[in-house]
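Hi everyone, thanks for making time this morning. Let me put the sequence and the structure up on the screen, and then I'll walk you through the fold and the ligand site.

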Amino acid sequence: MENLVKTSNLRNFWIIFVKIDIDIMVTIIAAVAKNNAIGLNNDLIWHLPADLKRFKKVTSGHHILMGRNTYESIGRPLPNRTTVIITNNKHYEQEGCLIAYSLEQALELAKNDEHIYIIGGAQVYKYAIENDLVDTLDITLVHHQFEADVFFPEIDNSIWEIAQREDFLADDKNKFDYSFISYKKKI
Ligand SMILES: NC(=O)c1ccc[n+]([C@@H]2O[C@H](COP(=O)([O-])OP(=O)(O)OC[C@H]3O[C@@H](n4cnc5c(N)ncnc54)[C@H](OP(=O)(O)O)[C@@H]3O)[C@@H](O)[C@H]2O)c1
C-alpha cells in the first residue's frame with residue numbers, strides 16, 4: 001500500500017513536470033520596411049531571398065497562422081508547415097489547411113506545437129499585438145521606404161526590447177540592406 005501511494009505521488013510529480021515543460025511560444029514573424037510598409041495590392045513589395053530563406057528555416061515544422069488575404073496572396077499551403085487560415089467566412093475551405101474563425105481559435109488549433117508563428121497580414125498582426133497574444137517579434141527590417149497599402153503596427157519600446165540583432169548589407173541577390181531583429185517583452 002505504501003508503495004502504491006509512493007508510485008501515485010511520483011506520477012503526479014511527473015504530470016506536473018510535463019505540464020510546465022510544454023510552455024508554448026507565440027512569435028510574430030514579419031518583414032517590415034523603414035516606414036512600416038509590409039504589402040501592396042495583397043502582395044509583398046520587395047524580393048529579399050535572404051528573408052525568404054530565413055522564414056522557411058524558422059517556420060518549418062511549425063504551425064503558421066495567417067489571415068485569409070495573406071493565404072490568398074501566397075496561394076497554397078507552404079510545405080513542411082501546418083497552415084491555419086483565419087476568416088469570418090464559415091464556408092471557407094482550402095485543401096490541406098486548417099480554418100479558424102478567430103486568432104484565439106487558430107492558437108487553440110495549434111496548441112500542440114511548442115512554437116507557433118503568426119505570419120500576417122496587417123490585420124492579424126495588429127489584433128495579435130493589441131490583444132497581447134504574442135511572446136516575441138521576429139522582424140526583418142528592410143532599410144528602405146516603400147509605397148504600401150498595409151503597414152506593421154508601431155513597435156512600442158515601452159513594451160518590447162531587442163533581444164538579438166544581426167545587420168546585413170545589400171548584395172547581388174538582396175537589393176536592400178536588412179536586419180534580423182528579435183524583440184522580447186520587457187519584464
Ligand atoms: N511583409 C510581410 O512580412 C507580410 C506578411 C504577411 C502578409 N503581408 C502582406 O499583408 C497583406 C495582407 O494583409 P491584410 O491586413 O490585408 O490581410 P490579412 O491580415 O492577411 O487577412 C485579413 C482577413 O483575415 C480574416 N481575419 C483577420 N483577423 C480576423 C479575426 N480576428 N477573426 C476572423 N477573421 C479574421 C478576415 O478574413 P475574411 O474577410 O475572410 O473574413 C480578414 O479580411 C498583403 O499585402 C500581404 O502580402 C506581408
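A quick definition to begin with: two strands pair if DSSP finds at least two bridges between them. The strands themselves (E, at least two residues) and the helices (H or I, at least four residues) are DSSP runs, numbered from the N terminus. Please keep in mind that this is a predicted model, where local features need pLDDT of at least 70, side-chain atom pairs count only at pLDDT 80 or more, and totals for chains, interfaces and linings use all residues. Residue numbers start from 1 along each chain as its sequence is written.

So, the sheet. Eight strands make up an open sheet with mixed pairing, in the order β5-β4-β3-β6-β1-β7-β10-β9. At the edges you find β5 (97-100) and β9 (160-168); each has a single partner strand, so one side of each is left without a neighbour in the sheet. On average, neighbouring strands are turned by 25 degrees against each other, direction ignored. For angles, axes are lines fitted to C-alpha atoms, for helices over the stretch in contact, and the values run from 0 to 180 degrees between N-to-C directions.

Helix α2 (residues 49-59) packs on this sheet, touching β1, β3, β6, β7, β9 and β10 (178-185), and its direction makes about 175 degrees with that of β1. Contact here is between residues whose C-beta atoms, placed from the backbone, lie within 7 Å.

Now to β1 and its partners. With β6 (residues 115-118), β1 runs parallel, joined by four bridges, and Met25 stands opposite His115. With β7 (residues 136-142), the pairing is also parallel, over seven bridges; there, Ile29 stands opposite Asp138. Elsewhere, β3 and β4 (residues 82-86) run parallel with five bridges, and Ile64 faces Thr83 across that pair.

Which residues are closest to the ligand? They are Gly39, Gly67, Asn69, Gly120 and Gly121, in a shell of 28 residues, counted when the C-beta atom, placed from the backbone, lies within 6 Å of the molecule. At least two shell residues come from each of β1 (25-33), β2 (37-39), β3 (63-67), α3 (68-74) and α5 (122-130).

One last stop, in helix α3: Ile74. Ile74 is partly exposed because 16 other C-beta atoms lie within 10 Å, between the limits of 20 or more for buried and 12 or fewer for exposed, with C-beta atoms placed from the backbone. Thanks, everyone!

Conventions
Two residues are in contact if their C-beta atoms, placed from the backbone, lie within 7 Å.
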